[in-house]
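Have the structure open as you read.

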Amino acid sequence: MPGLEEIRLHLADEILPLWHAIQIESNDPDAALPYWAFAWGGGLAIAHYLRDNPDAVARRRVFDLASGSGLCAIAAMGAGASAVTAADIDPFAVAACGLNARANGHRVATLQYDVLDEAPPDVDVVLAGDCWYEARLAERVLPWIQRVRESGIEVLVGDPGRRYLPTEALEEIATYGVRTTTELEDLEYKVSRVYAVRTTATQN
Ligand SMILES: C[S@@+](CC[C@H](N)C(=O)[O-])C[C@H]1O[C@@H](n2cnc3c(N)ncnc32)[C@H](O)[C@@H]1O
């Protein structure tokens, strides 16, 4: 990955040909876009942050929400996490995460499961890279990560300034310039930030 040379991911250069191949392979014209075939700005910010601050996850159990390619999960393993679980609703993402983890010599447990109506996972840190690109998902992620945070688990959110980012509930902790792709973004170079989640006690 540019700027994160220690991480290797199987990624696509173009989104549409891959999406069409998935529609054919799965015989599903409504198949989800292959978000897992790209490293998103939010996940890249988290990966940079974990490289600079390995103590945030070292020797701790980590959960990567909406893991896509597995970028954040792999960065957490690289930073010394004791165990990482990656969750995504897209079966292709779950498969990609497993392949990418292996390409980096790591083992990541995967869950193909929508956890957003579930109780917080039994971990020490939750990572949420680029989850605020869509209104409906954003509406569900916020109460879940707040619940996670209130239960004493640390949460790191990575985001390049998406429309639905709930900045009032977050506290910025780091900023990175990241290189993504114009297949996804208006510009190849994005400013992307890492945030902690405020607890109700720190919101006022
Ligand atoms: C923009 S991608 C981010 C991927 C990765 N975190 C990154 O930063 O590169 C968002 C991912 O969220 C997944 N997703 C959408 N709704 C979800 C849900 N309810 N639970 C888990 N994952 C979900 C999508 O399948 C997609 O892989």
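## The second largest pocket

Met 1, Pro 2, Leu 11, Ala 12, Asp 13, Phe 38, Ala 39, Leu 44, Arg 179, Thr 180 and Thr 181 make up the lining of the second largest pocket. On a 1 Å grid over the protein atoms alone, a pocket is an open set of points where a 1.4 Å probe fits, with protein on both sides within 12 Å along at least five of seven lines, and lining residues have an atom within 4 Å of a point. Its volume is about 180 Å³, a volume being the space filled by probe spheres set on the points, with grid points joined across faces, edges and corners.

By class, this lining has 7 nonpolar, 2 polar and 2 charged residues. Here Ala, Val, Leu, Ile, Met, Phe, Trp, Tyr, Cys and Pro count as nonpolar, Asp, Glu, Lys and Arg as charged, and the others, Gly among them, as polar.

## About the model

The model is predicted, so to speak of local features takes a pLDDT of at least 70, and side-chain atom pairs count only at pLDDT 80 or more, while totals for chains, interfaces and linings use all residues. Residues are numbered from 1 along each chain as its sequence is written, and side-chain values use heavy atoms, with hydrogens and water left out.

## The largest pocket

The largest pocket has a volume of about 670 Å³. It is lined by 33 residues, and Ala 66, Asp 88, Ile 89, Tyr 133 and Leu 137 are the closest to its centre. The lining splits into 21 nonpolar, 5 polar and 7 charged residues.

Helix H3 (71-78), strand S2 (83-88), helix H4 (91-103) and helix H5 (135-150) each give at least two residues to this lining, and H5 has the largest share, with 4 residues. Helices (H or I, at least four residues) and strands (E, at least two) are DSSP runs, numbered from the N terminus.

## The ligand

The ligand sits in the largest pocket, meaning that more than half of its atoms lie within 2 Å of the pocket's grid points. Around the ligand are 17 residues, of which Trp 40, Gly 43, Ala 66, Asp 88 and Gly 129 come nearest; to count, a residue needs a heavy atom within 4 Å.

As for polar contacts (pairs of N or O atoms within 3.5 Å), a polar side-chain atom of Asp 88 is 2.6 Å from a ligand oxygen atom. A backbone N or O atom of Gly 129 lies 2.9 Å from a ligand nitrogen atom.

Technical notes: Polar contact = N/O pair within 3.5 Å; in protein donor to acceptor, adjacent residues only side chain to side chain.
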